Amino acid sequence: MHRTMRVWTGEKFEQKKTTDLEDVLMSKHKYGFRSAALQMQVALAEKLRIALDEEAKFDTYREAFEEVIRVDASYSALLQAIKGAYDERLSLVPVGEEDHVS
């Protein structure tokens with residue numbers, strides 16, 4: 001494997017214009033994977049790695065599921081129906097102190 005090295009010439013570093021997550025995702029997209037499924041799995045793992053809390057992880061999983069629905073033409077209608085049922089059930093689950101029944 002050949003690597004090219006750059007020598008620092010004393011110039012100021014550019015301000016970073018992307019977030020860490022964007023850097024990871026753009027890098028993976030730039031270098032690509034042989035399989036779209038593998039690319040999605042790696043992106044999910046990277047997003048989960050930097051998720052700050054359980055709510056962020058849940059949102060990451062939800063977004064990943066929506067992406068699978070969007071890209072999988074064969075199963076999108078079935079997956080959308082399953083997601084609808086889960087979303088409906090989750091809407092009944094208490095999430096805060098004000099949602100609990102005494």
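**Exercise 1: The start and span of a helix**

Task: in this predicted model, find the residue that caps the N-terminal end of H3, and then compare the reach of this helix with its expected span.

Solution: Asp-53 is the cap of H3 at its N-terminal end, with a side-chain oxygen placed 3.3 Å from the backbone nitrogen of Glu-55. Helix H3 itself covers residues 54-71, which is 18 residues. From its first C-alpha to its last it reaches 26 Å, and this is close to the 26 Å expected at 1.5 Å a residue.

**Exercise 2: Two residues and their contacts**

Task: decide whether Lys-83 is buried, partly exposed or exposed, do likewise for Met-40, and list what each one touches beyond four places in sequence.

Solution: begin with Lys-83, which belongs to helix H4, residues 76-90. Its relative accessibility is 9%, and because buried means under 20%, Lys-83 counts as buried. Its contacts, with residues up to four places away left out, are Arg-62, Phe-65, Glu-66 and Ile-69.

At 26% relative accessibility Met-40 counts as partly exposed, and, apart from neighbours within four places, it is in contact with Ala-64, Glu-67, Val-68 and Val-71. The C-alpha atoms of Met-40 and Ala-64 are 7.8 Å apart, although 24 residues separate the two along the chain.

**Exercise 3: The whole chain**

Task: state the secondary structure of the protein chain and the share of its residues that is buried.

Solution: the chain has four helices and zero strands, in the order α-α-α-α, and buried residues amount to 9% of its 102 residues.

Methods
Residues numbered from 1 in each chain as written. Predicted model: local features only at pLDDT ≥ 70, side-chain atom pairs only at ≥ 80, totals over all residues. Heavy atoms only, no water. Helix = DSSP H or I, 4+ residues; strand = E, 2+ residues; numbered from the N terminus. Buried < 20%, exposed > 50% of the residue type's maximum accessible area, 1.4 Å probe, protein only. Contact = heavy atoms within 4.5 Å. Expected span 1.5 Å × (residues − 1). Polar contact = N/O pair within 3.5 Å; in protein donor to acceptor, adjacent residues only side chain to side chain.
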